[in-house]
Amino acid sequence: MTIQWFPGHMAKAKREVQEKLKLVDFVIELVDARAPLSSQNPLLHEVLNQKQKMIVLMKKDLADPAITAKWIDYFKALDHVAIAVDVNERKDIQHVVQTANDMASDKMERLRKKGVRPRPSRAMIVGIPNVGKSTLINRLVNKKIAKTGDKPGVTKSQQWIKVKKEFELLDTPGILWPKFEEEIIGYRLAAVGTIKDQLLPIEDVAAFVIDYLKQYYPAVLEERFRLEQDQDDMGEIFEHIGRQRGCLESGGRVNFEKTADIILQDLRSARLGPITLEQPEL
């Protein structure tokens, strides 16, 4: 199955990113720490070319810290600057600012030597919808400038934002690519809430999560849902979780859709603990 869409505002956003790239010194690309590679937009690789890039793994508080450390090593091995961020941690926000300053320092020094009047460094901030871009921007400027929301695609246009006197950010709308060639990418992004729940059957996404937890986090299933490790039938697993969590219809039948929603909400809110749905191949 191939999942396809390409809303008009996203096509426009891609063109605008291409046009404005020459105005910035480097790019800050946000990814979801729970699925860092799947939440990278392959279209942006074409657009950004050889531009210097900082990769920020967002929502690190929801991700497995041991796996996040491996992802940092993975991106650094590709010669990218990479850091992990929890937007509610002030030290993480300052880390973004300091890293941006470090990245721009060489270019700013070259401009000074040429006699060019000093200016703040400029960065373009990019990422797919619902990765936390607007929230990060608001933390960086310490006030609400960018709109935030729990649904993908809140930012619809570009805007320049000053981060104190440190640097200037060009905000861009979240851009999804036209289709997911690999079904598992769609499942990962749906599981963490990056793409809308209507795009994939919610029961299938929840079943993907259960299968992944069985492989990588079996203790979580035992603790949260009291599932035995040898339970393999997905229908029986949904039945077990649904009855345990009160997802019953008239006649005592389990509502699988409601059960699936509970599984996904437990994952997204970290009630299952810090979980990463993608492993780096080092």
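Which residues does I28 touch, not counting residues up to four places away in sequence?

**View 1. I28 and the residues around it.** In this predicted model, I28 touches M54, V56, A123, M124, I125, V126, F167 and L169, leaving aside residues up to four places away in sequence.

**View 2. The largest nonpolar core.** Now let us step back from I28. The largest nonpolar core has 74 residues. I28, L57, L136 and L169 are those with the most contacts inside this core. The helix α7 gives the core its largest share, 9 residues.

**View 3. The largest cavity.** Searching the whole structure gives 2 cavities of 30 Å³ or more. The largest cavity holds about 40 Å³ of space. Its lining is made by M108, L111, R112, V116, R117, P118 and R119. Sorted by class, the lining of the largest cavity has 4 nonpolar and 3 charged residues, with no polar ones.

**View 4. The second largest cavity.** Here the space is about 30 Å³. A190, D197, L200, I202, V205, L264 and R268 line this second largest cavity. Two helices, α7 (202-216) and α10 (256-268), each supply at least two residues of that lining. By class, 5 lining residues are nonpolar, 2 are charged and none is polar.

Technical notes. Residues numbered from 1 in each chain as written. Predicted model: local features only at pLDDT ≥ 70, side-chain atom pairs only at ≥ 80, totals over all residues. Heavy atoms only, no water. 1 Å grid on protein atoms, 1.4 Å probe; cavity = no way out; pocket = protein on both sides within 12 Å on 5 of 7 lines; lining within 4 Å. Points joined across faces, edges and corners; volume = space filled by probe spheres on them. Nonpolar A, V, L, I, M, F, W, Y, C, P; charged D, E, K, R; others polar. Helix = DSSP H or I, 4+ residues; strand = E, 2+ residues; numbered from the N terminus. Core = buried A, V, L, I, M, F, W, Y, C linked by side-chain atoms within 4.5 Å. Buried < 20%, exposed > 50% of the residue type's maximum accessible area, 1.4 Å probe, protein only. Contact = heavy atoms within 4.5 Å.
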